[in-house]
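Trainee: I have a new model open, and I'd like to go through it slowly with you, including what the words mean.

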Amino acid sequence: DGANLPPDGLKSAQRDALQAVCDDALLRSLEVLRPRAVVGIGRFAEQRLQEIAPALGIRVVGVTHPSPANPRAHGGWSPHMDAAATECGMQLT
(Lines give C-alpha, C1' and ligand atoms only; values in the text may rest on other atoms or scores of the structure.)
Protein backbone atom coordinates (compact mmCIF):
# COMPACT_ATOMS: atom_id res chain seq x y z
CA ASP A 1 0.00 0.00 0.00
CA GLY A 2 3.04 2.28 -0.13
CA ALA A 3 3.29 2.67 3.65
CA ASN A 4 6.69 3.20 5.26
CA LEU A 5 7.82 0.08 7.09
CA PRO A 6 10.68 0.85 9.45
CA PRO A 7 12.73 -2.16 10.57
CA ASP A 8 10.92 -2.39 13.89
CA GLY A 9 7.61 -2.63 11.99
CA LEU A 10 8.62 -5.87 10.24
CA LYS A 11 8.18 -9.40 11.52
CA SER A 12 11.42 -10.67 13.02
CA ALA A 13 12.13 -13.17 10.20
CA GLN A 14 11.61 -10.43 7.59
CA ARG A 15 13.73 -7.96 9.55
CA ASP A 16 16.55 -10.48 10.01
CA ALA A 17 16.60 -11.40 6.31
CA LEU A 18 16.60 -7.76 5.23
CA GLN A 19 19.23 -6.81 7.78
CA ALA A 20 21.56 -9.59 6.63
CA VAL A 21 21.43 -8.37 3.02
CA CYS A 22 21.87 -4.73 4.06
CA ASP A 23 24.74 -5.52 6.44
CA ASP A 24 26.53 -7.42 3.67
CA ALA A 25 26.10 -4.50 1.26
CA LEU A 26 27.33 -2.08 3.93
CA LEU A 27 30.38 -4.23 4.66
CA ARG A 28 31.27 -4.49 0.97
CA SER A 29 30.85 -0.73 0.50
CA LEU A 30 33.10 0.04 3.46
CA GLU A 31 35.72 -2.43 2.23
CA VAL A 32 35.82 -0.68 -1.15
CA LEU A 33 35.64 2.92 0.11
CA ARG A 34 37.86 2.45 3.19
CA PRO A 35 36.83 5.67 4.96
CA ARG A 36 38.54 6.67 8.21
CA ALA A 37 35.17 7.51 9.77
CA VAL A 38 31.46 7.14 9.02
CA VAL A 39 28.42 8.97 10.37
CA GLY A 40 25.28 7.04 11.26
CA ILE A 41 22.24 9.28 10.81
CA GLY A 42 19.85 8.10 13.49
CA ARG A 43 20.33 5.49 16.21
CA PHE A 44 19.50 2.51 13.97
CA ALA A 45 22.09 3.47 11.33
CA GLU A 46 24.67 4.14 14.01
CA GLN A 47 24.05 0.73 15.60
CA ARG A 48 24.39 -1.10 12.28
CA LEU A 49 27.65 0.74 11.60
CA GLN A 50 28.91 -0.12 15.11
CA GLU A 51 28.37 -3.80 14.28
CA ILE A 52 30.49 -3.65 11.12
CA ALA A 53 32.86 -0.69 10.82
CA PRO A 54 35.12 -1.03 13.90
CA ALA A 55 36.38 -4.44 12.72
CA LEU A 56 37.68 -2.63 9.62
CA GLY A 57 39.37 0.08 11.71
CA ILE A 58 36.69 2.63 10.82
CA ARG A 59 35.49 5.10 13.45
CA VAL A 60 31.72 5.44 13.89
CA VAL A 61 30.04 8.69 14.90
CA GLY A 62 26.30 9.13 15.30
CA VAL A 63 23.97 12.09 14.87
CA THR A 64 20.32 12.54 15.62
CA HIS A 65 17.87 11.76 12.85
CA PRO A 66 16.49 14.92 11.16
CA SER A 67 12.89 13.68 11.24
CA PRO A 68 10.23 16.27 12.11
CA ALA A 69 9.05 13.76 14.72
CA ASN A 70 12.40 14.04 16.52
CA PRO A 71 12.38 16.94 19.02
CA ARG A 72 16.21 17.02 19.10
CA ALA A 73 16.24 17.94 15.40
CA HIS A 74 13.97 20.96 15.79
CA GLY A 75 16.80 23.33 16.67
CA GLY A 76 18.41 22.80 13.29
CA TRP A 77 20.43 19.95 11.95
CA SER A 78 23.60 21.81 10.97
CA PRO A 79 25.03 21.92 14.50
CA HIS A 80 24.66 18.13 14.77
CA MET A 81 26.52 17.57 11.50
CA ASP A 82 29.21 20.12 12.38
CA ALA A 83 29.81 18.32 15.69
CA ALA A 84 29.98 14.95 13.92
CA ALA A 85 32.48 16.30 11.38
CA THR A 86 34.63 17.70 14.18
CA GLU A 87 34.44 14.38 16.05
CA CYS A 88 35.60 12.61 12.87
CA GLY A 89 38.64 14.88 12.76
CA MET A 90 37.52 17.18 9.97
CA GLN A 91 38.40 20.86 10.21
CA LEU A 92 35.51 23.15 9.34
CA THR A 93 36.26 26.50 7.79
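Mentor: Let us start with the terms: helices (H or I, at least four residues) and strands (E, at least two) are DSSP runs, numbered from the N terminus. This is a predicted model, in which local features need pLDDT of at least 70 and side-chain atom pairs count only at pLDDT 80 or more, while totals for chains, interfaces and linings use all residues. Residues are numbered from 1 along each chain as its sequence is written, and side-chain values use heavy atoms, with hydrogens and water left out.

Trainee: Okay, what follows α1, then?

Mentor: R34 follows α1, and its phi is positive, near 50°.

Trainee: And how far apart are the ends of α1?

Mentor: The end C-alpha atoms of α1 are 31 Å apart, which agrees with the 32 Å that its 22 residues should span at 1.5 Å a residue (the expected span is 1.5 Å times one less than the number of residues).

Trainee: Switching to α2, which of its residues are buried?

Mentor: In helix α2, residues 43-52, the buried ones are E46, R48, L49 and I52, where buried means under 20% relative accessible area, exposed over 50% and partly exposed in between, with a 1.4 Å probe and protein chains only. They cover an arc of only 165° around the axis, which puts them on the same side of α2; the arc is that of the directions from the helix axis to the C-beta atoms. R43 and E51 are exposed on the other side of α2.

Trainee: What do those buried residues pack against?

Mentor: The buried residues of α2 pack against α1 (12-33), β1 (37-41) and β2 (59-63), and contact here means heavy atoms within 4.5 Å.

Trainee: Why does E46 count as buried?

Mentor: E46 counts as buried because its relative accessibility is 17%. Apart from neighbours within four places in sequence, E46 is in contact with G40, V60 and G62.

Trainee: New topic: which residues line the largest pocket?

Mentor: The lining consists of P7, R15, L18, Q19, C22, D23, L26, F44, A45, R48 and L49. A pocket is an open set of points on a 1 Å grid over the protein atoms alone, where a 1.4 Å probe fits, with protein on both sides within 12 Å along at least five of seven lines, and lining residues have an atom within 4 Å of a point.

Trainee: Which element gives the largest share of that lining?

Mentor: The largest share, six residues, comes from α1. C22, which lies in helix α1, counts as partly exposed because its relative accessibility is 43%.
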